[in-house]
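Let us take a walk through a protein model together. Please keep the sequence and the 3D view open as you read.

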Amino acid sequence: MSYLSKKTVEDLNVAGKRVLVRCDFNVPLKNGVITDENRIVAALPTIQYLINNGAKVILCSHLGKPKGEPKPELSLAPVAVRLSEKLGKEIVFAADDCVVGENAKAAVAAMKDGDVVLLQNTRYRAEETKNGEALSAELGSLCDLFVNDAFGAAHRAHCSTVGVTAFVEESANGYLMAKEVEFLGNAVNNPVRPFVTILGGAKVADKLNVIENLLNKADTLIIGGGMAYTFLAAKGYEVGKSLLDTTKIDYCREMMARAEEKGVKILLPIDCVIASDFPNPIDAEIDVEVVAADAIPADMEGMDIGPASAELFANEVKNAKTVVWNGPMGVFENPTLAKGTIAVAQALAETDATTIIGGGDSAAAVNTLGFGDKMSHISTGGGASLEFLEGKELPGIAAMSDK
Ligand code: AMP
């Protein structure tokens with residue numbers, strides 16, 4: 001499937017039509033207050049386009065994991081308020097525990113062109129995550145057209161991302177989805193070279209398929225974070241108490257051999273920031289030392305890349321034309337152990353290359369460290385961007401109508 005062959009919202013004739021938009025309003029909440037509104041802001045272009053073009057705009061999303069039952073703390077009510085402020089326009093929140101209930105039906109029936117209605121959390125219904133037919137049909141009964149703009153949920157075949165498409169005239173990608181596909185798709189399939197990918201985060205096992213796919217695409221693969229220690233162990237180094245997946249040592253050895261065959265450079269940390277124990281709480285003060293990557297004492301744990309590694313990685317980024325980054329270089333939640341992640345973020349911020357940040361922790365790190373506006377693209381989907389990097393087809397995009 002070519003993602004670029006899928007219809008986008010501009011290919012639809014939306015005037016006077018009821019258009020259901022699957023957004024990703026899965027925002028972080030603390031005591032009912034939205035603590036990061038990025039996902040709401042990212043949804044605005046599609047919503048605004050539909051309003052401006054005379055559609056009746058019906059929005060839906062999941063929020064958290066209510067596990068198939070109504071949970072008041074996971075209601076989309078706070079999103080309705082914030083969204084209304086952002087749009088400068090009143091929107092109707094249809095607070096049905098069954099998502100498509102009397103409130104939703106009445107609100108949609110009363111809509112005029114340009115009006116906006118938000119449905120309740122789709123995961124209040126157990127069928128949502130099973131792609132059940134009943135909820136898919138109910139969602140479809142509310143609308144004529146469907147737009148999927150929830151990149152963060154595009155790797156899941158759910159009622160509100162895939163099932164509903166069987167019950168509408170046409171389906172298309174929204175602007176956010178199209179932007180994600182354009183950046184990630186071009187980077188992975190048609191990169192301006194040199195193409196450098198940086199992988200980090202806790203576990204090597206989570207990124208096996210990403211490593212394998214990127215070995216066929218990238219010129220350089222930089223590996224930091226907790227996952228680097230399994231690679232270091234594969235080189236025969238002592239890694240002490242560092243994160244290590246003994247079942248994946250052979251895999252790492254195989255990947256390093258394959259990289260050599262293909263002429264792909266793999267860069268591993270050459271020095272590490274170590275401590276005797278993992279910080280508790282995670283941001284507690286901690287005494288650290290820097291040692292060479294092949295000199296980690298057996299009773300110590302590596303928790304960040306050291307300064308020489310940071311420089312090595314930054315230099316590689318300087319020569320790149322395309323950089324994709326997924327996963328922090330260390331325990332970035334702790335200021336003492338965030339330096340490697342900051343150094344990489346800084347290098348990306350300073351380069352003219354196209355810089356793409358996978359969602360999840362890397363996006364959060366880049367944003368909280370203040371480098372957000374220096375990146376070409378920060379993906380809104382952690383799991384979805386990883387699956388994209390694995391080369392998998394995303395069902396939420398595959399289900400859209402062809403051009
Ligand atoms: P992931 O969800 O796989 O992207 O992993 C992100 C998590 O990995 C963060 O919470 C980091 O604190 C953690 N992490 C990164 N490097 C290390 C390390 N060397 N040791 C333990 N945890 C790490």
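Start at Pro281, which sits in the loop between strand S12 (271–275) and strand S13 (289–292). Helices and strands here are DSSP runs, numbered from the N terminus: helices are H or I with at least four residues, strands are E with at least two. Please bear in mind that this is a predicted model, where local features need pLDDT of at least 70 and side-chain atom pairs count only at pLDDT 80 or more, while totals for chains, interfaces and linings use all residues. Residues are numbered from 1 along each chain as its sequence is written, and side-chain values use heavy atoms, with hydrogens and water left out.

The peptide bond that leads from Asn280 into Pro281 is cis, with omega near -5°. A cis peptide bond also joins Arg193 and Pro194, and there omega is about 5°. You will find Pro194 in the loop between H5 and strand S9 (195–199).

Now look at two asparagines. Asn31 is not a glycine, yet its phi is positive, at about 50°. This residue belongs to the loop between strand S2 (29–30) and strand S3 (33–34). Asn131 has a positive phi as well, near 55°, and its place is the loop between strand S6 (116–119) and helix H4 (133–141). Are these residues buried or exposed? We call a residue buried under 20% relative accessible area, exposed over 50%, and partly exposed in between (1.4 Å probe, protein chains only). Asn31 counts as exposed because its relative accessibility is 80%, whereas Asn131, with a relative accessible area of 28%, is partly exposed.

For a contrasting case, turn to Thr341 in helix H10 (residues 339–350). Thr341 has a relative accessible area of 0%, so it is buried. Its side chain makes a polar contact (a pair of N or O atoms within 3.5 Å; within protein, one must be able to donate a hydrogen and the other to accept it, and residues adjacent in sequence count only if both atoms are side-chain atoms).

What about the cysteines? If a disulfide is a pair of cysteine sulfur atoms within 2.5 Å, the count comes to 0. Cys98 is in no disulfide, and the nearest cysteine sulfur, that of Cys159, is 13 Å away. Cys159 is in none either, since the nearest cysteine sulfur, that of Cys60, is 10 Å away. Cys159 counts as buried because its relative accessibility is 0%, while Cys98, at 35%, counts as partly exposed.

Next comes the ligand. Which residues come nearest to it? Of the 15 residues around the ligand, the nearest are Ala202, Gly226, Gly302, Glu333 and Asp361; a residue is included if one of its heavy atoms lies within 4 Å. A polar backbone atom of Ala202 is 3.0 Å from an oxygen atom of the ligand. Gly226 brings a backbone N or O atom to 3.1 Å from a ligand nitrogen. Asp361 uses its side chain instead, with an N or O atom 3.4 Å from an oxygen atom of the ligand.

Finally, find helix H1 (38–52), helix H5 (175–189), helix H11 (361–368) and strand S17 (377–378): each supplies at least two residues to the lining of the largest pocket.
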